[in-house]
Amino acid sequence: MSNRANRRVVKVNQSYLFYTGYALEELIGKRVEELPLWYKPEDLVRFSQALDEKGAFYNFEFNYRKKSQEIATILVSAEIVEINGEACVLTLHNDITDRKQIEAALSRSEERFRTLVANIPGIVYRCACDPDWTMEFISGAVLEATGYQAEDFIGNQVRSWASIIHPEDQQMVGRIVGEGVALKQPYILEYRINDANGKIRWFYEKGQGIFTQDGNLLWLDGAIFDISDRKQVEADLLERVHLSILMAELGSMQSHADSLAELLDGCVESLWRHLNIALAQIWTLDETESVLELQASAGLYHIEMTHRHIPVGQYKVGLIAQARQPYLTNDLLNEQNILNKEWMLQENLVSFAGYPLMVKERIVGVMTVFARCPLSNTTLKEMESVTNAIALGIDRKQAEATIQAANAEMRALFAAMDDLILVLDADGRVLKIPSTERQLGFRTFNDMIGKNPADIFSSEQATQFVSSIQQCLKTQKTLNIEYSRLNADREVWLNARISPIDDETVIWVARDITDRRQAEQEIKQAKQAAEAASQAKSQFLANMSHELRTPLNAILGFTQLMARDLSLKESHRSYLKIVHNSGEHLLELINDVLDMAKIEAGRITLNETSFDLYHLLNILEEMFQIRAKEKALQLIFERSPTVPQWIMSDEGKLRQILINLLSNAIKFTDRGTVMLSIEAIPPSSDLESFNSETKTMLLFEVADTGDGIPTDKLEQVFEAFEQTEIGKQAIEGTGLGLPISRKFVQLMGGKLTVSSKLGEGSIFQVCFPVNVTEAKMQSARSGDRQVIGLAPNQPEYRLLVVEDRWQSRYFLVKLLESIGFQVQEAENGAQAIAIWEQWQPHLIWMDMRMPVMDGYEATRQIKSHLKGQATVIIALTASALEEEKAIVLSAGCDDFVRKPFREAVIFDKLTEYLGVRYLYKDEMDASSPSREIADVVISDADFKTALSLMPRDWIERLHQAAMLADNDLITELARAIPEKNIGFSNALTSFIDNFCYNQIMVLAQEALTNNGSAANN
């Protein structure tokens, strides 16, 4: 510290002497410029000028000389203060020598790292785990591998890494990386990219997520190598292998196929599987008609029935048959004489090849293939052996068909049957067995001839079969029976149709239905599994609801409890408000996810009550006015006079629907207006649940002047976890608000629709039927005012809190004790019963999920006593399921409160069941000055006028504090406002309480700009 007038040092602390090495007597009394520490004289000039101009300076960095002559680095801050009537300069020194040395070492280390990376043949990166894989660092052979400069990908300056990944591989890349991050394990993957020249290249990548000690993901580190050459070698080898396998399969099919159709089906199937093509077809030639007929097709299949027969010389297939020469094109859509081009464009087909099937000089057909990738001329040569094999197979099968024509009809009839056929007499004796595809498996046909059922089957089955045969002969009607038998240790089920041939014989046609029976059994098992899964999902929802909402109950509860402390600083009260609001936001997100899960599980139900619609709209308007004002938006609520005030509907779901729509509208609107309009409209004919005699149709419309939604994305916004590009840029929300809202509206018997124009805005409409009800008297709820104690002249209320989690129990006990109740606590149901028997509380707050004895059993035992009927028991549960309430009430509880709860809910329940009366803060404030600063409504114009009267350095500090969201500094600045401007001070404090930092920054910046303009004039 030095005297401002004579510039002599008057005081030095021990830390300064320790770091500089000087003795106290070497510094005290000396003028500042005489101090031996100055390394550069110009630093002293710079500091003096800053003090003279601004009266203070902060964090000036400079080098100084220690007594040991070592040069060190410090940060200096100084300001002029008044001590005992004299102006002094208070200077603070912060030695940062060690930090500077560390920074220099780090810089050298990074330089060595970059040199090392530059010599690696692959790519080394560090990126964010986001949809774009935003690169923070990328080096190595980026240009060689992709054709792009490495700098293009840093922060997505020119393009993102995700933009060059092949579209078909993007989902796979995201899934594998996501799994590795979730398991905190390295990930390895291979995928394709489109390089700068439009070519496809293959990359091999290995990386892993980097996490903090708390398990939070920081970034992804990894290396990438170009494996395109290896992939090409593999592809060539695979193509040769497939060709060899194809030829082997074709040879096998020629030997084993029983018909031409079977041969050709097998050929096209093999072609499609082994040649990486989209569609393979084989046409055979009808020489008499000179027409090609489509016989077999595999892969994509789309051809009109009128085009299954093509004359030789017409279309591309007929021209190939006529020219008897193979043909190939890689520009399919511009080719002449090609059928179904619209379908080919839709399927992304680009290549076509046709091959005449020749036997010596005779053409027997044409083979055609279609592909999504270009085909090479070498493909035509390689396929020559394939087409020869197919042509020979066709010729052979056609010759066999001609030779066997005489008995073809009968053989074809039985060969086509996959059934066992027996001719039996009245006693079940086997007379004849026609040959079919079905084999007995356990006996030869010769062994069966002349045998009775008792010789083949069990006595029980034999009796059943003989009885069925005789009934068939008696009624002369076909009978059906099902039976099973063991075949090579495998149970085979058969369905037998028994039809009479004459009065003494029947024909027995048995069909194998093992697959059908197995399918039926699998369906039965799948149904049981689905029911079990549904039960498991319900249990999961209950557990997750409990585990997530219980800690939130402690967070929100203790913030409410701490906020009641009148000794809290304003800044601390603001911090509590931030924590509480953040907890409420987290609860909304959790509720969204749980609601979506309940919707998928079919567990959402309506909870219809009579409520004041006008009151709900007023609350929503107050809630969103602050957010709209912060973005300088005009928020308008318009209600038609025809809208009823009291309606019967699900108030909670309607509130959530409107909050979701208004939140989105304000979030995605940067200028203009957000409007909510409500009117009663004529009934809609497409709503089945509407009854015009008892219900009214309400239309809620939320319109904004935002950027709008593309037409092709209108339905996407209603899909779970889906967002438009504008939504993704907002980087907030879960993508569940609109899907949940639509499901809620549908559950309420209505519709949620959207219309939008890019650049003009969007309109969401909610239309659903309601019942109009009579107005109700509303009692004043404690939620409208802050409870600070019990009203006088009341009995002493005894309350018991039963909760196994200490945090939740402690919060509720302290809250109730602070108001004046007598409270005892228990951590399980057994303890609760013991305290109830001894203490006889008026009311019990009962958690339902506890060890030792849960709340359900404890409630049943208490309510089983006569004196227990007089004890009010209110359940506390973290379950999000509606049906949980019915279960709790059936156990004997009088009411039901979900965690996390607001303190007002607790006080309202005590009033409802015990008639408790309270003292409220506003009543006490009427007789004593308020410690709180109420929100003050002040126009921007008045605020600007008051702001212009403040000093420029005060406005600069206010602007800086708003940028940093520094509540303490803004509060300190508000206290410095003269008392005559108390309205301005209160308005500024109100801005802090409502977190209107953006509005403070804008107004302060305008004031600084106007101040500067005035000074220049």
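The charged end of K184 sits over the ring of F211, 5.1 Å from its centre. K653 lies over the face of F744 in a like manner, at 5.3 Å from the ring centre. A charge counts as over a ring if NZ of Lys or CZ of Arg is within 6 Å of the ring centre and within 35 degrees of the ring normal.

This is a predicted model, in which local features need pLDDT of at least 70 and side-chain atom pairs count only at pLDDT 80 or more, while totals for chains, interfaces and linings use all residues. Residues are numbered from 1 along each chain as its sequence is written, and side-chain values use heavy atoms, with hydrogens and water left out.

**Chain overview**

The chain has 33 helices and 34 strands. These are DSSP runs, numbered from the N terminus: helices are H or I with at least four residues, strands are E with at least two. Of the 1017 residues, 42% are buried. Buried means under 20% relative accessible area, exposed over 50%, and partly exposed in between (1.4 Å probe, protein chains only). The accessible surface comes to about 55000 Å², and 51% of it belongs to carbon and sulfur atoms. Such areas come from the Shrake-Rupley method with a 1.4 Å probe; for residues, only the protein chains shown count as cover. Among contacts with a separation of 6 or more, 57% join residues 24 or more positions apart. Contact means heavy atoms within 4.5 Å.

**Nonpolar cores**

The largest nonpolar core has 43 residues. Such a core is a set of buried Ala, Val, Leu, Ile, Met, Phe, Trp, Tyr and Cys residues joined through side-chain atoms within 4.5 Å. Those with the most contacts inside the largest core are L613, L654, L661, L676, F700, F764 and V766. Elements that give two or more residues to this core include α19 (613-630), β22 (634-639), α20 (651-667) and β24 (673-681). Its largest share, eight residues, comes from α20.

Which residues does L676 contact, leaving aside its neighbours within four places in sequence? They are L617, I636, F637, E638, L658, L662, F700, E701 and V702. Apart from this core lies another, of 30 residues, among them I277, A280, M367 and L375.

**Aromatic pairs**

The count comes to 19 aromatic pairs. Rings of Phe, Tyr and Trp (its six-membered ring) pair if their centres lie within 6.5 Å; planes under 30 degrees apart count as stacked, over 60 as edge-to-face and the rest as tilted. Two of the pairs are tabulated here.

| Pair | Type | Centre to centre | Angle between planes |
|---|---|---|---|
| F47 and F60 | tilted | 5.7 Å | 45 degrees |
| F457 and F465 | edge-to-face | 4.9 Å | 90 degrees |

F47 is in helix α2 (residues 41-54) and F60 in strand β2 (residues 56-65), 13 residues apart. F47 is buried at 6% relative accessible area, whereas F60 is partly exposed at 22%. In the other pair, F457 is buried at 17% relative accessibility, and F465 is buried at 2%. Elsewhere, Y148, F153, W161, Y191 and F203 form one aromatic cluster.

R324 has a positive phi, near 55 degrees, and is not a glycine. Its place is the loop between α9 (315-323) and β13 (327-329). R324 is partly exposed, at 38% relative accessibility.

A632 is another non-glycine residue with a positive phi, about 60 degrees. A632 lies in the loop between α19 and β22. Is A632 buried or exposed? A632 is exposed, with a relative accessible area of 65%.
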